[in-house]
Amino acid sequence: MIDILNILLTDSFWAASLRIATPLIFGVLGALICERSGTLNLGIEGIFVVGAMCGWMATWLGAGLWGGILVAFLCGAFFGLIHALLTVPLGLSQHVSGLGITLFATSVSYFTYRTALPDVSSPPRIEPFQPLDIPILSDLPFIGLVLFQQTALTWLALIMVLLVWYVLNRTNLGLAIKAVGDNPNSVDAQGLSVYAIRMWAIVIGSALMALGGAFLTMSAFDAFFFGMVNGRGWVCIALVIFASWRPGKALIGALLFGAFDALQVRLQTEMGALVPGQVFLMAPYVLSIAALVIAARSADYPRALLTPWYKGQR
Amino acid sequence: MEASTVLKLNGLAKRFGSILANDDVTIHLQKGEVLALLGENGAGKTTLMNMLFGHYLPDSGNIEIKSVNDDFVPLELGNPSAALTAGIGMVHQHFTLAENITAFENITLGAEPLFSLRRNQRKAEKKINNIMSNSGLEAPLDIPVGRLSVGERQRVEILKALYRDAHILVLDEPTAVLTPQEADALFSNLRRMTKQGLSVIFITHKMREVLSFSDRLVVLRHGKNVGSMETSNASEKKIARLMVGSETQKVFPKRITPGGPILSLNDISVAGRSKRDSLQNISLTLKSHEILGIAGISGNGQNVLADLISGLVLPDKGSILLKGVAIQNINPLNMIKLGFGRIPEDRHRQGIVGGLSVSENMVIERLDDPLIQNFGFLRSSVINDNAQTLSEKYDVRGPGIDQASRLLSGGNIQKLILARVFEQQPKIILANQPTRGLDMGAASDVQRHLIEARDRGGGVILISEDLDEILGLADRIVVMRDANLHDVNSSSREAIGLMMAGESV
């Protein structure tokens, strides 16, 4: 117990939690926007891979870090557009289309990587995002150490939480997104386009997911590896339910998962002799499932989630 | 009010596959009038209004609407947004409200540009409050629509249209979900608004409403405008003749004095997740030679009661007695064997197995009958002969007895169920909304069979939202409200309506 307390009091633990949570924040926000408009996007895992690969490769090819981020954003939007076309106007099964996007996007990313770099055994490295050092603020005790070890992408993720919250709760656009995910007929009857709102929500949501992937190769690490996304997309799908489709709770969920993960790494080193390491590796997922079970019981699903809407059919 | 035309529907036609839903319909609407659009199910009323509002694109014909300069301009077809701009508001039968946002947000949704940083709430609030006080339509604005009552939601729908400056309001079966009192309030509010210049079209098949509230009526049959008249010249007979083509015989049952009790529910409780799916200390006695009508607005526990009598739900407390003996094994199969016949509310999902053929569905409740099967192998010739005979006897029409039953129309599915149930001569019949959505012909078939079953000595429990049906058929009436049954002393429509709405008489 003392060990855990000691860990919880270190700034490096909290800094790590926030770092681990960053890609999840992007992912959960992206999935949340899609689902609020009524579409499940199981392409998220593949879109993470695309974002990770494209952002990193663009930077490596000389686009610069922010250029890489832009490329990742656009590539994510592209795969989102495919999902949107298949599921919104064509009304295909969102599960099938989403899983298809994940398989397709993952394979295309690996294929591109291998085609561009046929012979390398260790991937080329880029100069990743550096921690932002803001004068004065960085010198604050504890908080300074936690927050100002983070890169610009983490800050961007936190800003995105605020932005998505503001759009959903304070603007007409957010109202339309929430309404179209609850009852598309309400939006149609008011003369707005159900297709346009849903498709844009999926495109933007997917672009955000890709930023989560880009964080992995451009901030957490400095190169692209096979299998590096490692289920983070699926975790986001679960976290959306945990968050009951609310941005603020999404941030909490992502941080909680990040904290579990950061804790297990530290416990492994401290108690590795007593307990097999796999137990700790498993811990964040087990705890997430437990949290999900509790939260999902009262989850208030967007009523039109998974239900396609066809114009002229009432 | 001087008569001046504000809207012209000119020769509208719409075809869905092989069905001609609307055929050259021409209707002119006058300023400040209440126009009732009447017709049987499938006569094309809703299709017509959906074309007016731009949900459907007509195959031919056009719509003209009076502009501010008093000349007629054609309305852009197939575009709800254009209809809204032209001042047409529509209140759909199935509300088009998002339940996760407030009434205020539903009303203003789409009225302001999507891409603005803020919402201009104060101006909108002022406008809505103005409309509410002018029209008499009140609804709580700032709680999620999901928590509003059906009547309140309907008022929000109308407010939504008025907020968009609608001067033509279309209401699709507005009273289907309302208590008689709520319906009366709605119509008096509408009357108030037409005095202020609003023109109203309302779709219905309830004669009483047409006769008491409309100024003029138009009857559609098979997609055609078959006649219009001033309501002051109309009578129920005249309208019915137009609607079905000839006068139909209304079912007037002769009442036999009931026999002894055959089914009793004794202080039964079922704990559901909400009031909608629970029962609280219900006691009920059904006699032979009796139709017991259970009136009430749906969602007050009727479906649990129906499931209970069908054997789908077990009581948590209390017992079900059949001729004084408690039923031990409550399950659907046993109930059928004990002589229960069931006509379920959702005939498509609970009444038939859509993928199985008509002939299979006709024997599906007695598959262990040795006439039907031999050591588990179905005797298809017997099953087919049975279906052939019953289809003729009960007038089940469709693509064929070997075809999937889901291909039948709603009325024919109901006749299939009648054939299956009544051929077994059940002692107790549970009919849950048996005529909902049926046209007059099919509905009167259903009613005739219920009366025949009663005259044979059976007991019928008739659950219906249609008060006219209950009043016309039932020998005794109880009202279901809040998971409870309430005895009715008076058979007046008003008294029952008040009880349905929850007021003590």
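Predicted model: local features only at pLDDT ≥ 70, side-chain atom pairs only at ≥ 80, totals over all residues.
Colleague: How is chain B divided?
Modeller: Chain B has domain 1 (5–244), domain 2 (248–339 + 426–505) and domain 3 (353–424).

Colleague: What separates the centres of domain 2 and domain 3 of chain B?
Modeller: The centres, taken over C-alpha atoms, are 26 Å apart.

Colleague: And how many residues of those two domains are in contact?
Modeller: On the domain 2 side of chain B there are 11 residues, in contact with 9 residues of domain 3 of chain B. Helix H15 (residues 440–455) of chain B gives the most to that domain 2 side, with 5 residues.

Colleague: How do the residues on the domain 2 side divide?
Modeller: Into 7 nonpolar, 2 polar and 2 charged.

Colleague: Changing topic: how many residues of chain B are in contact with chain A?
Modeller: 26 residues of chain B, against 21 residues of chain A. Helix H2 (80–85) and helix H3 (103–108) of chain B each supply at least two residues of the chain B side. H2(B) gives the most, with 3 residues.

Colleague: Which classes are on that side of chain B?
Modeller: 12 nonpolar, 9 polar and 5 charged residues.

Colleague: Now the largest nonpolar core. Which residues touch the most other members?
Modeller: A:Val28, A:Ala210, A:Leu239, B:Leu52, B:Ile88 and B:Val170, out of 159 residues in this core. Helix H10 (residues 194–220) of chain A gives the most to the core, with 17 residues.

Colleague: What does B:Leu52 touch?
Modeller: Leaving out residues up to four places away in sequence, B:Leu52 touches B:Leu9, B:Ile63, B:Ala83, B:Ile88 and B:Val170.

Colleague: What does the second core include?
Modeller: That separate core has 66 residues, among them B:Ile268, B:Leu438, B:Leu467 and B:Met499.

Conventions:
Residues numbered from 1 in each chain as written. Chains lettered and ligands numbered in written order. Domains from an automatic or database assignment. Contact = placed C-beta atoms within 7 Å. Helix = DSSP H or I, 4+ residues; strand = E, 2+ residues; numbered from the N terminus. Nonpolar A, V, L, I, M, F, W, Y, C, P; charged D, E, K, R; others polar. Core = buried A, V, L, I, M, F, W, Y, C linked by C-beta atoms within 7 Å. Buried ≥ 20, exposed ≤ 12 C-beta atoms within 10 Å, placed from the backbone.
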